[in-house]
Amino acid sequence: MKKGLIISFEGPDGAGKTTVLEHLLPLLREKTDRNIITTREPGGVEIAEKIRDVILDVNHTSMDDKTELLLYMAARRQHYVERVLPALSEGKVVLIDRFIDSSVAYQGAGRGLDTEVISWLNDFATDSRKPDLTLYFDVDSETGLARIAKNAEREINRLDLEKLDMHQRVRQGYLELAEQETDRIVTIDASQNLDAVVASAAVEILKSLEAEA
Ligand code: TYD
């Protein structure tokens, strides 16, 4: 049996990674016989979806930053144990819409919480398992926010209501991470059109699947 793999999708709000993931899946299934599943954070399993509702509720304006961080971590742990680990043990490729780097970018760079504490908590939540590949979809904050504003179907969550400077810090956090962890993180220019972004993502994923073969 082939080794299970984690491939995470990261990026600031409005980068389009969720749409890219939807378009990518049928394409990948055509090109590889690996068993691929998709999931998301926060959420993906019942308990974590409930935690997600608490975190993203637009009425929860009084939520403390550390409370927010710990809730993301609680959701991460439950999702990891219940959904990711069983899939990995069956040799599946797990595509996750957001994972450990979101906490570093949003709660670290965005909210200003200590990134060493966040890394420690990430390790605690995932037993130190890092993604085998991370696709970072990069887009500037103005473009990202304009896309969110244009997409009427997208449900607006508490994080979407943050101001431009928070979004800019988040992007900066991602750019720094991508610079530090070049062996795992590949940056994709998400300002291109959807087809081009999907194609670039497919190339990177197929490359990493071939490297495992
Ligand atoms: P979601 O609707 O999934 O946004 P998107 O479609 O942009 O992925 O909402 C997830 C929000 O939670 C998003 O604004 C990023 C934020 N988030 C964090 O702040 N920290 C985290 O650890 C994770 C996983 C998500």
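Two strands pair if DSSP finds at least two bridges between them. Strands (E, at least two residues) and helices (H or I, at least four) are DSSP runs, numbered from the N terminus. This is a predicted model: local features need pLDDT of at least 70, side-chain atom pairs count only at pLDDT 80 or more, and totals for chains, interfaces and linings use all residues. Residues are numbered from 1 along each chain as its sequence is written, and side-chain values use heavy atoms, with hydrogens and water left out.

**Stop 1**

Go to strand 4 and strand 5. They run parallel, joined by five bridges. Pick Phe137: its bridge partner in strand 5 is Ile188.

**Stop 1: strand 1**

Now select strand 1. It pairs with strand 3 in the parallel sense over five bridges. Ile6 has Val94 as its bridge partner in strand 3. With strand 4, strand 1 pairs in the parallel sense over four bridges. There, Ile7 is partnered by Leu133.

Next, check burial. Buried means under 20% relative accessible area, exposed over 50%, and partly exposed in between (1.4 Å probe, protein chains only). Six of the six residues of strand 1 are buried. Leu5, Ile7 and Phe9 lie on one side, with Ile6, Ser8 and Glu10 on the other.

**Stop 2: the largest nonpolar core**

A nonpolar core is a set of buried Ala, Val, Leu, Ile, Met, Phe, Trp, Tyr and Cys residues joined through side-chain atoms within 4.5 Å. The largest one here has 25 residues; Phe9, Leu24, Leu95, Leu135, Phe137 and Ile205 touch the most other members. Strand 1 (5-10), helix 1 (17-31), strand 3 (93-97), strand 4 (133-138) and helix 8 (194-212) each give two or more residues. Helix 8 gives the most, seven residues.

Centre on Phe9. Contact means heavy atoms within 4.5 Å. Leaving aside neighbours within four places in sequence, the contacts of Phe9 include Leu21, Leu24, Leu95, Leu135, Phe137 and Ile205. A second, separate core has 24 residues, among them Val104, Ala105, Ile118 and Tyr174.

**Stop 3: Ser208**

Move along helix 8 to Ser208. Is Ser208 buried or exposed? It is buried, with a relative accessible area of 18%. Ser208 touches Ile7 and Leu133, not counting residues up to four places away in sequence.

**Stop 5**

Select helix 2 (residues 46-56). Ala48, Ile51, Arg52, Ile55 and Leu56 are buried. They cover an arc of only 120° around the axis, so they sit on the same side of helix 2. That arc is taken from the directions from the helix axis to the C-beta atoms. Glu46, Lys50 and Asp53 are exposed on the other side.

What do the buried residues of helix 2 pack against? Strand 2 and helix 3.
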